[in-house]
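We will go from stop to stop, picking residues and looking around them.

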Amino acid sequence: MNLKVIFLLASVVVILFLSACNDSESKVSVNADTSAPVSTSNPFDSDANSTDDFEAELIMDEDGYDQYGIFGGDLPDYSIHYLDFQDKTTYEYNGEELSLELEICNGDAPLSYTLGLICNDRLIPFSLNGGEYAYSFNSYDNTGDTKFTFTFHPYGKKGESVKVFPMLVIDTESPSYFKNFDVPNPFRALPTSHATFYAPVNMNSDGPEENTPITVNDNIIPVEDNILEAYKEPERTRDEYGNEIEINRLEEYCHICIIQNDGSAGPTNRIVANDGERIKFDYVFCGRPRQEYIMYCWTNEGFLPIFDGEYQTKVCLDDFNQEIKMTFDVSLEDYPDLNNIRFIAYEPSGNYIYSSVFSVFDEKTMQELNVWLETIDID
């Protein structure tokens, strides 16, 4: 892939990331001038990518896409009311189910999301609004206000006090980043929650899971050259006095990187579903040392137990010159519609550090995508 294409993709990632981080009431503006020319051409056609008629600005077509096939329409507004997770009432567990409520409100644009529940850093099974028990629930195309009742048995031992809080992944079905590729937007699906919004529970009886330790991934190896290459450039920022400084990104931040077919590493990539039977690839946890994180794996099919059959694993590095290499390996027979993956690294103090969402294509679509990308000229 040439440098122009890489620059284009990187620019779009930044734009969409910044728009996602705006206040929940903000929206991305759309060109509403109906007298302006619109592009309705097939993005696979190299002529469709000419910028001759688009010198002033990118023009959106009737579906909200610009001439590169990039969506620029309104993104869903939403707000989360934690209700029982924020009133700080202490709940008593005596062996019977507990119930807690949460409300998600959004505007006119449909909002889709995944709901999970965490206790003692573990994803635990729960019933949602009286349904069957599961480790996660996907909810699609919601408008207006929706109230959810979580019913569950907390994990922990008798005599302990535990915290229960929701794990949400919001906006999981955004329009496709590439207009003619039938996958949700790979640069959305935002994990959200906060350690201050929890329900404390006194364990007067043992829970179904007696607080066995979370498996620690200790496959620690020296950081590879491809990782060092991906993060060799320091980040320029300012200290508390306003002085410009440079910081080592591997030492200051946590990173989750996909290892690409050519051996290079980076947080932005498209993953090929190998041979139509499995999705298998290596990924790396690296960066910020001496800080424990709990890792989870969200997909468009919900959270998956990919860590030796568990839904979470604990990772921690002693030095920023180390990494932990892991393998994602699932069968398409078990998850035939899997097309988006996001790893979430949760810091128990309440901060989320997370990677980009990775989209899954089959071989044929991946080849067509690469051919189209090579036609883009952003001069």
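Strands here are DSSP runs of at least two residues marked E, numbered from the N terminus. The model you are looking at is predicted.

**Stop 1: a loop residue**

Select Asp-84. Where does Asp-84 lie? Asp-84 sits in the loop that links β1 and β2. Now show its side chain. The side chain of Asp-84 comes to 2.9 Å from the backbone nitrogen of Glu-101. Next, show the surroundings of Asp-84. Setting aside residues within four places in sequence, Asp-84 contacts Tyr-91, Ser-99, Leu-100, Glu-101 and Ala-199. Thr-149 is 65 residues from Asp-84 along the chain, and their C-alpha atoms are 9.7 Å apart.

**Stop 2: the largest nonpolar core**

Which residues does Phe-85 contact, leaving aside its neighbours within four places in sequence? The list includes Leu-100, Leu-102, Leu-117, Phe-150, Val-164, Phe-165 and Ala-199. Phe-85 belongs to the largest nonpolar core, a set of 30 residues. Select Leu-102, Leu-115, Phe-150 and Phe-152 as well: together with Phe-85, they have the most contacts inside this core. Now colour the strands. β1 (78-81), β2 (91-93), β3 (98-119), β5 (126-128), β7 (137-152), β8 (161-170) and β10 (199-203) each give this core at least two residues. Which strand supplies the largest share? That is β3, with nine residues.

**Stop 3**

Select β8. Is β8 largely enclosed or open? Eight of its ten residues are buried, so β8 is largely enclosed by the rest of the structure. Now look at what pairs with β8.

- β3 and β8 run antiparallel and are joined by seven bridges. Pick Ile-118 to see one: its bridge partner in β8 is Phe-165.
- β8 and β10 also run antiparallel, with four bridges between them. Here Val-164 stands opposite Ala-199 in β10.
- β9 (residues 190-192) is antiparallel to β8 too, and three bridges join the two. Ile-170 has Leu-190 of β9 as its bridge partner.

While the strands are on screen, follow the side chains along one. In a regular strand, side chains alternate between the two faces of the sheet.

**Stop 4: another loop, another core**

Jump to Asn-217. Asn-217 is in the loop between β10 and β11 (220-222). Is Asn-217 buried or exposed? Asn-217 has a relative accessible area of 17%, so it counts as buried, for which the cut-off is under 20%. A polar atom of its side chain lies 3.1 Å from the backbone nitrogen of Asn-219. Beyond residues up to four places away in sequence, Asn-217 touches Thr-313, Lys-314, Val-315, Ile-324 and Met-326.

**Stop 5: the cysteines**

Finish by selecting the cysteines. How many disulfides are there? The count is zero. Zoom in on Cys-254. Cys-254 is buried, at 8% relative accessibility. Now select Cys-105. Cys-105 is buried as well, with a relative accessible area of 10%.

Notes: Residues are numbered from 1 along each chain as its sequence is written. This is a predicted model: local features need pLDDT of at least 70, side-chain atom pairs count only at pLDDT 80 or more; totals for chains, interfaces and linings use all residues. Side-chain values use heavy atoms; hydrogens and water are left out. A nonpolar core is a set of buried Ala, Val, Leu, Ile, Met, Phe, Trp, Tyr and Cys residues joined through side-chain atoms within 4.5 Å. Buried means under 20% relative accessible area, exposed over 50%, partly exposed in between (1.4 Å probe, protein chains only). Contact means heavy atoms within 4.5 Å. A polar contact is a pair of N or O atoms within 3.5 Å; within protein, one must be able to donate a hydrogen and the other to accept it, and residues adjacent in sequence count only if both atoms are side-chain atoms. Two strands pair if DSSP finds at least two bridges between them. A disulfide is a pair of cysteine sulfur atoms within 2.5 Å.
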